[in-house]
Amino acid sequence: MALIPPDRARCQADVPTGHSFLSMGPGPKHVRCETSPHVIVEERRPGEDGHAGSMSLCLECLAVMSRQASGEIWQGVFIKEVI
Ligand SMILES: [Zn+2]
């Protein structure tokens, strides 16, 4: 997670654009989510610089993350705040 402040106005997740590996040509595979965030998640353990990363997520991205993120990543964060 990048050590940038959580954005309370907009979900900070990157979501797939719909391009699959069959979609040849340029274009981002992910674009930033446009939804208003619902929670702020924070890493349980600080990184090497001593700061725990945090980011805002909307409910949908939170659900996607909980389904898709590896257990190690998902268990490494907690919901710090409900916006
Ligand atoms: Zn989102």
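I began with the largest nonpolar core, which has 7 residues: C11, V41, M55, L57, C58, C61 and V77. For this I took a core as a set of buried Ala, Val, Leu, Ile, Met, Phe, Trp, Tyr and Cys residues joined through C-beta atoms within 7 Å, and a residue as buried if 20 or more other C-beta atoms, placed from the backbone, lie within 10 Å of its own.

I noted that the model is predicted, so that local features need pLDDT of at least 70 and side-chain atom pairs count only at pLDDT 80 or more, while totals for chains, interfaces and linings use all residues. Residues are numbered from 1 along each chain as its sequence is written.

Next I looked up the sheet: 3 strands form an open sheet in the order β4-β3-β5, with antiparallel pairing (strands are DSSP runs of E, at least two residues, numbered from the N terminus; two of them pair if DSSP finds at least two bridges between them). The edge strands, each pairing on one side only, are β4 (54-57) and β5 (77-82). Strand β3 (residues 39-43) is joined to β4 by 4 bridges, and V39 has L57 as its bridge partner in β4.

Last I turned to P37, which lies in the loop between β2 (30-32) and β3. I recorded P37 as buried because 25 other C-beta atoms are within 10 Å. Its C-alpha atom is separated by 4.5 Å from that of C11, 26 residues apart along the chain. Leaving aside neighbours within four places in sequence, P37 is in contact (C-beta atoms, placed from the backbone, within 7 Å) with residues including C11, L57, C58 and I83.

Definitions and conventions. A residue is buried if 20 or more other C-beta atoms lie within 10 Å of its own, exposed if 12 or fewer, and partly exposed in between; C-beta atoms are placed from the backbone. Two residues are in contact if their C-beta atoms, placed from the backbone, lie within 7 Å.
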